Amino acid sequence: MQDLYKQYKKLLFKLAYQLTGSVSDAEDAVQDVFVKVHDVPRERLTQPKAFLCKMVTNHCKDMMKSARKQREEYYGEWLPEPFLMLNDDSTEALERDDLLSYGMLVLLENLTTSERAVFILREALGFNYNEIAELMEKSEVSCRKLFSRASAKMGRVTDEPVQIHPESQQWVHGFMGALKKGNMDQLLSLLDQDVVLVADGGGKVVATVHPVVSRERVGRYLLGGMRKAAMFGEGATVEMGQVNGEAAILLRSEDSAVNGVLLFHFEDGKIHNIYIVRNPDKLGHIF
């Protein structure tokens, strides 16, 4: 059992995290599944990868059903929990390109639990439709329809990759420089005309409750927040980091604790979406 855990824990965590959008829920799901596997007869584990992925998927689908009600009552906008990989062996995991971009995780919230599961298994983890059909206990035709509906709901009409784009780092670096200098012109040059900023404070810290739309409004909001220190906290510092395998901006308070994370979605060389996570419950594991 220890060998199974060592071999599949990273894959199962990434599956669970992308299904739930929560680091803590993903960790709980993986632990619960391995506890249950202890009681599974060995003859049922001839294909451990498929068996474990099926268990995690079913477990997370149950979690997602209860989470939807909680998110309907959530104060302000709900965003997925940022995920910072710290251990040395995480680099190899990311190189397999089996994490969707953070922006795609946000869009996954528009899907049903079955659509979300099929999309992640296919697009992020590279399962073929035959494997997905077995995991989901549905026909291949049904799984293809679920994937097609999921893609349509997210506005994905091409076959372009939806995984992380490392080349965005230069844009994030320029964005951070504009923030530090308070340079509105430079900041606006990086933003799409219809850029949307979404912030998640969970009702616990200062954050805009409604999305901020348009380049000028987003620029004023960001620079106004920096000047007043209302959004980031007194004595805050701004630094580059890698969150969810992407270039991101970490906001630190005077005691070096992370009190905000900015992540981005790019389209046609411009920042199209900005996501600010400030809810302290979602930042405790980021150092």
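Rings of Phe, Tyr and Trp count as a pair if their centres lie within 6.5 Å; planes under 30 degrees apart make the pair stacked, and planes over 60 degrees apart make it edge-to-face. The structure described here is a predicted model, and it holds 9 aromatic pairs.

**Aromatic pairs**

One of these pairs is formed by Y5 and F34, whose ring centres are 5.0 Å apart and whose planes stand at 80 degrees, an edge-to-face arrangement. Y5 belongs to helix α1 (residues 2–20) and F34 to helix α2 (residues 23–37), so the pair ties together parts of the chain that are 29 residues apart in sequence. Y5 is partly exposed, at 24% relative accessible area, whereas F34 is buried, at 6%.

A second example is F13 with Y17: the planes of the two rings are at 5 degrees and the centres 6.1 Å apart, so this pair is stacked. F13 and Y17 are 4 residues apart in helix α1, which separates them by about one helical turn. Both residues are buried. Ring pairs also bring in F83, giving a cluster of F13, Y17 and F83.

**Salt bridges**

The whole structure contains 9 salt bridges. The table gives some of them.

| E109 | R71 | 2.9 Å |

Salt bridges with shared partners join R71, E109 and R116 into one network.

E115 lies in helix α6 and R149 in helix α8 (residues 140–153), so their bridge ties together parts 34 residues apart in sequence. E115 is buried, with a relative accessible area of 3%, whereas R149 is partly exposed at 43%.

D200 and K282 are 82 residues apart, with D200 in strand β1 (residues 191–200) and K282 in the segment after β6. D200 is buried, at 0% relative accessible area, and K282 counts as buried at 8%.

E81 sits in the loop between α3 (48–72) and α4 (90–95). It is buried but has no salt bridge. Its nearest side chain of opposite charge is that of K282, 7.0 Å away, and a salt bridge requires a nitrogen-to-oxygen distance within 4 Å. The side chain of E81 does make a polar contact of 3.3 Å with the side chain of H285. Leaving aside residues up to four places away in sequence, E81 touches Y17, G21, S22, V23, S24, K282 and H285.

**Strand β5 and its partners**

Strand β5 (residues 258–267) is mostly covered, with 7 of its 10 residues buried. Strand β4 (residues 246–252) runs antiparallel to β5 and is joined to it by 4 bridges. Across this pairing, L251 stands opposite G260 of β5. The hairpin of β4 and β5 has 5 residues between the strands, and S256 there takes a positive phi near 75 degrees.

β5 also pairs with strand β6 (residues 270–277), again in the antiparallel sense, over 7 bridges. V261 has V277 of β6 as its bridge partner. The hairpin of β5 and β6 has 2 residues between the strands, and D268 in its turn has a positive phi of about 55 degrees.

How values were computed
Residues are numbered from 1 along each chain as its sequence is written. This is a predicted model: local features need pLDDT of at least 70, side-chain atom pairs count only at pLDDT 80 or more; totals for chains, interfaces and linings use all residues. Side-chain values use heavy atoms; hydrogens and water are left out. Buried means under 20% relative accessible area, exposed over 50%, partly exposed in between (1.4 Å probe, protein chains only). Two strands pair if DSSP finds at least two bridges between them. Lys and Arg count as positive and Asp and Glu as negative; His and the chain ends are not counted. A polar contact is a pair of N or O atoms within 3.5 Å; within protein, one must be able to donate a hydrogen and the other to accept it, and residues adjacent in sequence count only if both atoms are side-chain atoms. Contact means heavy atoms within 4.5 Å. Rings of Phe, Tyr and Trp (its six-membered ring) pair if their centres lie within 6.5 Å; planes under 30 degrees apart count as stacked, over 60 as edge-to-face and the rest as tilted.
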